Amino acid sequence: MDGVTLVTGATGKLGRVLMRELEERGLPARGMSRSASGMARADLLTGEGLAAALDGAGLVIHAATDGRRDVRAAERLLGALKPEQHLLYVSIVGVDRVPLPYYRQKLAVEHLVRARGGSIFRATQFHDLLFTLARASARLPVMFYPAFDLQPVDTRDVARRLAAVSASLRNGAAPVEEDFGGPEVRPVKDLFRGFLQVYGKRRPLAPLRLPGKTFRGYRAGGHLAPNHALGTVTWEDYLRDRAEA
Ligand SMILES: NC(=O)c1ccc[n+]([C@@H]2O[C@H](COP(=O)([O-])OP(=O)(O)OC[C@H]3O[C@@H](n4cnc5c(N)ncnc54)[C@H](OP(=O)(O)O)[C@@H]3O)[C@@H](O)[C@H]2O)c1
């Protein structure tokens with residue numbers, strides 16, 4: 001496969017780390033964003049700038065999301081691809097098992113990508129997302145935690161694996177579908193305790209249980225990939241690195 005690797009969502013949590021990883025490996029890459037300077041400027045919803053962003057790209061790693069209109073954005077992206085351009089879509093473990101509206105969108109995008117012979121890479125929840133959740137919960141006098149397990153993964157691990165997958169796709173490997181999970185499956189209560197410890201806070205912890213299929217899906221572990229616990233960076237490693245940065 002010739003040409004550069006185009007990364008959509010290159011300014012995002014994962015995209016930023018992925019761009020660094022590709023650069024460090026000497027893999028020619030171009031980031032795409034609606035506004036960041038030094039990147040190909042394009043909007044997946046309007047299609048503005050998209051043809052120019054895709055020009056000369058062999059592989060496209062699709063890591064852009066706005067949480068609401070991802071099917072439309074994917075349709076626009078797939079419609080603009082040339083037949084020889086391969087799409088590697090970043091999805092989430094369990095989009096087919098947990099009926100969260102966001103996951104349903106991602107599942108619909110997976111179907112579109114698969115129908116076009118693209119690759120799908122599903123990761124578990126990023127440490128950054130868990131951190132946002134923990135920090136928001138710790139603002140209250142009682143720290144409510146969702147009463148289920150998580151398998152948080154570090155964007156550095158995800159980026160390393162995505163870069164390796166990209167390299168093999170560029171070398172002619174067949175389309176891939178794989179799950180990539182963090183190193184440990186742990187109750188959120190335990191993960192929140194780790195957060196409190198690192199930040200020297202004390203809070204009583206209380207379980208949060210919600211009715212409905214989505215919560216049941218999480219309780220049943222639909223978002224976990226225990227057989228693909230391939231990440232190396234633990235939650236405590238992430239918290240330590242973050243506190244020291
Ligand atoms: N967060 C998690 O825990 C998690 C776990 C597994 C998988 N994932 C998946 O991994 C991917 C990356 O997630 P993330 O957390 O890194 O996302 P993020 O931080 O929210 O970044 C998403 C990026 O998408 C770009 N974007 C949004 N709308 C766009 C549009 N209309 N046109 C072009 N670009 C647009 C934005 O770039 P600009 O504002 O610069 O245009 C933004 O930086 C997503 O597909 C997500 O579903 C996330």
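View A. R161, at 32% relative accessibility, counts as partly exposed (buried means under 20% relative accessible area, exposed over 50% and partly exposed in between, with a 1.4 Å probe and protein chains only). The model shown is predicted, so local features need pLDDT of at least 70 and side-chain atom pairs count only at pLDDT 80 or more, while totals for chains, interfaces and linings use all residues. Residues are numbered from 1 along each chain as its sequence is written, and side-chain values use heavy atoms, with hydrogens and water left out. R161 forms a salt bridge with E178, and the closest N and O atoms of the two are 2.8 Å apart (a salt bridge is a side-chain nitrogen of Lys or Arg within 4 Å of a carboxyl oxygen of Asp or Glu). Because R161 belongs to helix α6 and E178 to strand β9 (residues 177–180), the pair ties together parts that are 17 residues apart in sequence (helices, H or I of at least four residues, and strands, E of at least two, are DSSP runs numbered from the N terminus). E178 itself counts as buried, at 18% relative accessibility.

View B. A search of the whole structure finds 14 salt bridges.

View C. The side chains of D157 and R160 meet in a salt bridge, with 2.8 Å from N to O. Both residues lie in helix α6 (residues 155–170), three residues apart, which is about one turn of the helix. D157 is buried, at 4% relative accessibility, whereas R160 is partly exposed, at 35%.

**View D. The pair D66 and R69.** A salt bridge links the side chains of D66 and R69, at 2.7 Å from N to O. D66 is partly exposed, with a relative accessible area of 27%, and R69 is also partly exposed, with 29%.

View E. The ligand is surrounded by 26 residues, and the closest are T11, S33, R34, Y102 and K106 (a residue is near a molecule or strand if one of its heavy atoms lies within 4 Å of it). Polar contacts are pairs of N or O atoms within 3.5 Å; within protein, one must be able to donate a hydrogen and the other to accept it, and residues adjacent in sequence count only if both atoms are side-chain atoms. In the side chain of S33, an N or O atom is 2.6 Å from an oxygen atom of the ligand. The side chain of Y102 likewise places an N or O atom 2.6 Å from a ligand oxygen atom. L44 takes part through its backbone, where an N or O atom lies 2.9 Å from a nitrogen atom of the ligand. The protein buries 86% of the 910 Å² that the ligand exposes when taken alone (accessible areas come from the Shrake-Rupley method with a 1.4 Å probe; for residues, only the protein chains shown count as cover).

**View F. Elements of the ligand shell.** Two or more residues of the shell around the ligand come from each of α1 (13–24), β2 (29–33), β5 (86–92) and α4 (101–115). The largest share, three residues, is given by β5.
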